[in-house]
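Visitor: I am new to this one. Please show it to me, and let me ask about what I see.

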Amino acid sequence: MSRADRLERLDARRVELEAEYEAVLLEALRGVAGGSWGLFGHTKDRAAHAKWEPVVTDLCDRGDEIDRMRDQLGLQPFALHEEFEASRGPVSTNAPGEPKQAKAWLERLGKDV
């Protein structure tokens, strides 16, 4: 198999993984927009963190794999994953809650609740 064929297959797989990533993220955002907390890590509630930990781990693993593929293809890192990672963690007390943040994400992505 030639290098061009390998790169084409890698790029096709990258596109698939990015679509899967977006689908998982959208499902999670819809759950959070419905009132669940923990996806963004803005609460200190251990139960909320535990509930969303498998989803966050899955998204991070997929994001890392996508970024490795993008690096091999000479592409920029996966922006959606970078944005998700940047939005996680502690926030100030006057920051919007996770449900409002999830709704804003869905609106920005054009996938309203």
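**Salt bridges and a helix pair**

Guide: Start with a network: salt bridges link R13, E16, E20, D58 and R62. Keep in mind that this is a predicted model.

Visitor: How many salt bridges are there by this rule?
Guide: The rule asks for a side-chain nitrogen of Lys or Arg within 4 Å of a carboxyl oxygen of Asp or Glu. By this rule the count is eight.

Visitor: What separates R13 and E16 along helix α1?
Guide: Their side chains meet in a salt bridge, 3.1 Å from N to O. R13 and E16 are three residues apart in helix α1, so the separation is about one helical turn.

Visitor: Is E16 buried, partly exposed or exposed?
Guide: Buried means under 20% relative accessible area, and exposed means over 50%. E16 has 43% relative accessibility, so E16 is partly exposed.

Visitor: Which helices hold E20 and R62?
Guide: The side chains of E20 and R62 meet in a salt bridge, 2.9 Å from N to O. The pair ties together parts that are 42 residues apart in sequence, because E20 lies in helix α1 and R62 in helix α2.

Visitor: What about R14: buried or exposed?
Guide: R14 forms a salt bridge with D11, at 2.7 Å from N to O. Both lie in helix α1 (residues 3–33), three residues apart. D11 has a relative accessible area of 28% and is partly exposed. The cut-off for buried is under 20%. R14 has a relative accessible area of 10%, so R14 is buried.

Visitor: Now the helix pair. Are α2 and α3 parallel, antiparallel, perpendicular or oblique to each other?
Guide: The axes of helix α2 (residues 46–72) and helix α3 (residues 79–87) come within 9 Å and cross at roughly 140 degrees. Roughly antiparallel needs an angle over 145, and roughly perpendicular runs from 65 to 115. The two helices are therefore oblique.

Visitor: Which residues of α3 make the contact with α2?
Guide: α2 passes α3 in a left-handed crossing. On the α2 side, the contact is made by V56, L59, C60, G63, D64 and D67. On the α3 side, the residues are H81, F84 and E85.

Visitor: How many residues of the contact of α2 with α3 are charged?
Guide: Asp and Glu count as charged. That class takes in D64 and D67 of α2 and E85 of α3. The contact also has four nonpolar and two polar residues. The charged ones number three.

Notes
Residues numbered from 1 in each chain as written. Predicted model: local features only at pLDDT ≥ 70, side-chain atom pairs only at ≥ 80, totals over all residues. Heavy atoms only, no water. Axes fitted to C-alpha atoms, helices over the stretch in contact; angles between N-to-C directions. Helix = DSSP H or I, 4+ residues; strand = E, 2+ residues; numbered from the N terminus. Parallel < 35°, antiparallel > 145°, perpendicular 65-115°, else oblique. Left-handed = near helix turned anticlockwise from the far one by under 90°. Contact = heavy atoms within 4.5 Å. Buried < 20%, exposed > 50% of the residue type's maximum accessible area, 1.4 Å probe, protein only.
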